[in-house]
Structures are given as C-alpha cells and as structure tokens.
Amino acid sequence: MDVVVVGAGIAGLSCARALAEGGARVRVLDRGRVVGGRLASKRIDGRYADIGAAYLVADDPAFVAQTESWRARGLARPWTDTLRVHPGGTDARGPVRWAAPGGLRSLAADLADGLDVRLSTPAESADQDADAVVLAMPGPQALRLSPPPAIAAAAAAQRWRPVIAAVLTYPARTWTAFRGAFVNDHPLLATVCDDGDRRGDDAPVLVAHSTADLAAAHLDTPEGAGPVLAAAVGDLLGITASPRVQVHRWTYAQPEQATEAPYAHEGRVWLCGDAFGRPRVQTAWLSGRAVADAVLGTTL
Ligand SMILES: Cc1cc2nc3c(=O)[nH]c(=O)nc-3n(C[C@H](O)[C@H](O)[C@H](O)COP(=O)(O)OP(=O)(O)OC[C@H]3O[C@@H](n4cnc5c(N)ncnc54)[C@H](O)[C@@H]3O)c2cc1C
C-alpha cells in the first residue's frame, strides 16, 4: 500500500511511523525546511529556543510510552508540575510538563528518523498518486488542497486562534525563579516560560506567547508585537534590562473547539491533527496514529 502523508508535524510523523511499521510504503511531504510544524525550536545564539509548543503533557498510555522512550534516550525529561499563575503570582500544581534538552523539535526529528520525508515540498492538492492520502495539518491549511466534501466540511468547521511567540534574550538571568507562567486576563500576554530552565542550560532566555487579540492585530506585521510583548514581560517580572527580541507568527496556533472524532475521512483521504481532541501535542500524535490504524485496516 502506498500512502502520502502531507505534513511533517507530530500528527503526520506519528501517522507515518505507524504506517511504516504496519508495512505501508509512506512518503511524507512538508512545505517547511525542517520537520516538526508547531513542535518548533529555533536556533538562536547557538542554542534552540522552543517557539511553538511550550511543553508536553502525557496522560494517554500509548503517548506515555512514547515519552518514556524519549526519556530513556535522553531526548525528553520531566520539567515541572508547577507553573505560576498571574494575576496574583501564586504557584499552581498540575500535570508533569515534559521538556526536551535539545528543543521540542528534536522529538519530531526522532519520529522522522528513517522515514521518507521530503522537505521544502508543498503539496498543491489532496489528490496525490497513492492508495491513501493523509492531510496532517490545521483544517484551514487542508482546505487549500481542495479535499473531498466531508473533509472540507470538517476542516471548515474548525476555528483557530493565532499566537505570536517572542523569544526574549537578556544579558543575564535577573528574574526570580518561576519556570513558566499563565497570564490570565492580560490584553497582550498569555504565557511566559523560562526557556533556559525548561531546556536545562540556564540561558537568559524567556519565551512569551501573545493573546489571540494581539496576534490578530499584528498578523501582517508580527515584528511589531515583539517590543509590546517584551514590555509586558518586563512589567510582569520586574525586569529592567532590555532583551533582544525575535518573533514568530503562528496564524493557526490553537484550535478553539475540540472535536470528539479522532480524524475526518472520505474515500482515500484522511484529515488529522490537534483539532481532533484537546488541542495539544498528545492529541496530534494520537490522531495521526488513529488514522494509521484506520488506513492499515482499509481494504483497498
Ligand atoms: C504558540 C503555541 C503554543 C503551544 N503550546 C503547547 C503546549 O504547551 N503543549 C502542547 O501540548 N501543545 C501546545 N501547542 C500545540 C501543539 O504545538 C500542537 O498541538 C501540535 O504541534 C500540532 O501538531 P500537528 O502535526 O497537528 O500540526 P502542525 O505541527 O501544524 O503540522 C502541520 C504541518 O503541515 C505542513 N503543511 C501545511 N500545509 C502543507 C502543504 N500544503 N504541503 C506540505 N506541508 C504542509 C506544515 O508545514 C506543518 O509542518 C502549542 C502551539 C502553539 C502554536
């Protein structure tokens, strides 16, 4: 069976791996220059900063096994179960958040290892020369590929929020230790994480994520959001030094609503990703695996 997977994010890669393990011949196409999609780490000053997903949470048994496999090979590590919540600045305990010493994208690279992945290769259509085609991406991106009607309907029903991520590099670590923080009811700032703490190298680097409102106002000029986010982080954490700022725009960062189905399907085309469940890395990974199981179980 020949399968084309479009999208080398965590959903597409987990799907492709499971398909390959099940005996399918799989090609993965991604328009980007690297794998990972929103599991993204950008090299700045010789180190990687996580600019997409901030961390992983694993509570599904299969994904727990995957994270344990990454931990056993030194690729992932439990980071913290405690994040700060603003306003108020109190610490709140929650699930263990996992981080990656080499940046979260290294986990996608691990999944891609040994697969036929073709980068800088945008797909123009869902109509690929294969027995099955898997679109592993946000619905609005899948819609551009003119998928069959049921896929188009599922994709069109998704609603997405944008986020602008700002990597803030300071001369030194001057803030009180806090790991990461949710910033509630702030007009500009949604989260800020200590990337040096998360990555374990103690670099003086914070990564801020904007609110959807700020991102929406700066979609055409994302660099304009950088100083705004730097000022908001400085105010929040009492940092007086000016950071160097690099921004990244995520037009489709987070789906607004969860769908109960693990994927959408019509004919030989499937759609998967993090919109099929709670919007997080684990969901994308599971959605890709569910499609692989469905494709392998299909009689063609
Ligand atoms: C700012 C931000 C913060 C987040 N924080 C967290 C967090 O803390 N914890 C958590 O669990 N999750 C978090 N997430 C969500 C998490 O990153 C996603 O759930 C997950 O990475 C989605 O993976 P995916 O494979 O479904 O989609 P994506 O990663 O978006 O992958 C889609 C891929 O398809 C490719 N593509 C699209 N169109 C085409 C085309 N025409 N041809 C070829 N390739 C194409 C893209 O290049 C991309 O690589 C965050 C996301 C963002 C943006």
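This is a predicted model: local features need pLDDT of at least 70, side-chain atom pairs count only at pLDDT 80 or more; totals for chains, interfaces and linings use all residues.

Colleague: Into which domains is the protein chain divided?

Modeller: Domain 1 comprises 2-41 + 104-158 + 257-296, and domain 2 comprises 54-103 + 159-256. Taken over C-alpha atoms, the centres of the two domains are separated by 25 Å. Domain 1 brings 20 residues to the contact and domain 2 brings 19 residues. On the side of domain 1 that touches domain 2, helices α3 (105-112), α4 (139-143) and α9 each supply at least two residues.

Colleague: Which residues does C15 touch, not counting residues up to four places away in sequence?

Modeller: With those sequence neighbours set aside, C15 touches V5, V134, A136, C272, G288, R289, V291 and A292.

Colleague: C15 lies in α1. Is α1 mostly covered or mostly uncovered?

Modeller: Helix α1 is mostly covered, with 10 of its 12 residues buried. The buried residues are I10, A11, G12, L13, S14, C15, A16, R17, A18 and L19. They pack against the strands β1, β2 (25-29), β8 and β15 (269-272), and against the helices α3 and α9.

Colleague: How does the reach of α1 stand against the expected value?

Modeller: Helix α1 (residues 10-21) reaches 16 Å from its first C-alpha to its last, close to the 16 Å expected at 1.5 Å a residue. Just after this helix, G23 takes a positive phi of about 100°.

Colleague: Let us turn to the sheets. What is the order of the strands in the open sheet of six strands?

Modeller: The order is β7-β2-β1-β8-β15-β14, and the pairing is mixed. At the edges are β7 (116-118) and β14 (264-266), each of which pairs on one side only. From one strand to the next, the twist averages 20°.

Colleague: In which sense do β1 and β8 pair, parallel or antiparallel?

Modeller: Strands β1 (residues 2-6) and β8 (residues 132-136) pair in the parallel sense, over four bridges. Within this pair, V6 stands opposite L135 in β8. L135 was also named among the core residues that touch the most other members.

Colleague: What is the order of the open sheet of seven strands?

Modeller: In that sheet, the order is β6-β5-β10-β11-β12-β9-β13, again with mixed pairing. Its edge strands are β6 (90-99) and β13 (244-255), each pairing on one side only. Its twist averages 20° from one strand to the next.

Colleague: How should I read strand β11, and how many of its residues are buried?

Modeller: In a regular strand, the side chains alternate between the two faces of the sheet. In strand β11 (residues 189-194), six of the six residues are buried, so the strand is largely enclosed by the rest of the structure. It pairs with β10 (residues 180-183) in the antiparallel sense over three bridges, and A181 stands opposite V192 in β11. The hairpin of β10 and β11 has five residues between the strands, and D185 there takes a positive phi near 60°. Strand β11 also pairs with β12 (residues 205-210), in the antiparallel sense over five bridges, where H209 in β12 is the bridge partner of T191.

Colleague: In which sense do β9 and β12 pair, and which helix packs on the sheet?

Modeller: Strand β9 (residues 160-169) and β12 pair in the antiparallel sense over five bridges, with A166 opposite A208 in β12. Helix α8 packs on the sheet, touching β5 (77-86), β9, β10, β11, β12 and β13, and its direction makes about 70° with that of β9.

Colleague: Which residues of α8 are buried?

Modeller: The buried residues of α8 are A225, G226, V228, L229, A230, A232, V233 and L236. This helix (residues 225-237) has 13 residues and reaches 18 Å, close to the 18 Å expected at 1.5 Å a residue. Just after α8, G238 takes a positive phi of about 65°.

Methods:
Residues are numbered from 1 along each chain as its sequence is written. A nonpolar core is a set of buried Ala, Val, Leu, Ile, Met, Phe, Trp, Tyr and Cys residues joined through C-beta atoms within 7 Å. A residue is buried if 20 or more other C-beta atoms lie within 10 Å of its own, exposed if 12 or fewer, and partly exposed in between; C-beta atoms are placed from the backbone. Two residues are in contact if their C-beta atoms, placed from the backbone, lie within 7 Å. Two strands pair if DSSP finds at least two bridges between them. Axes are lines fitted to C-alpha atoms, for helices over the stretch in contact, and angles run from 0 to 180 degrees between N-to-C directions. The expected span of a helix is 1.5 Å times one less than its number of residues. Domain bounds come from an automatic or database domain assignment.
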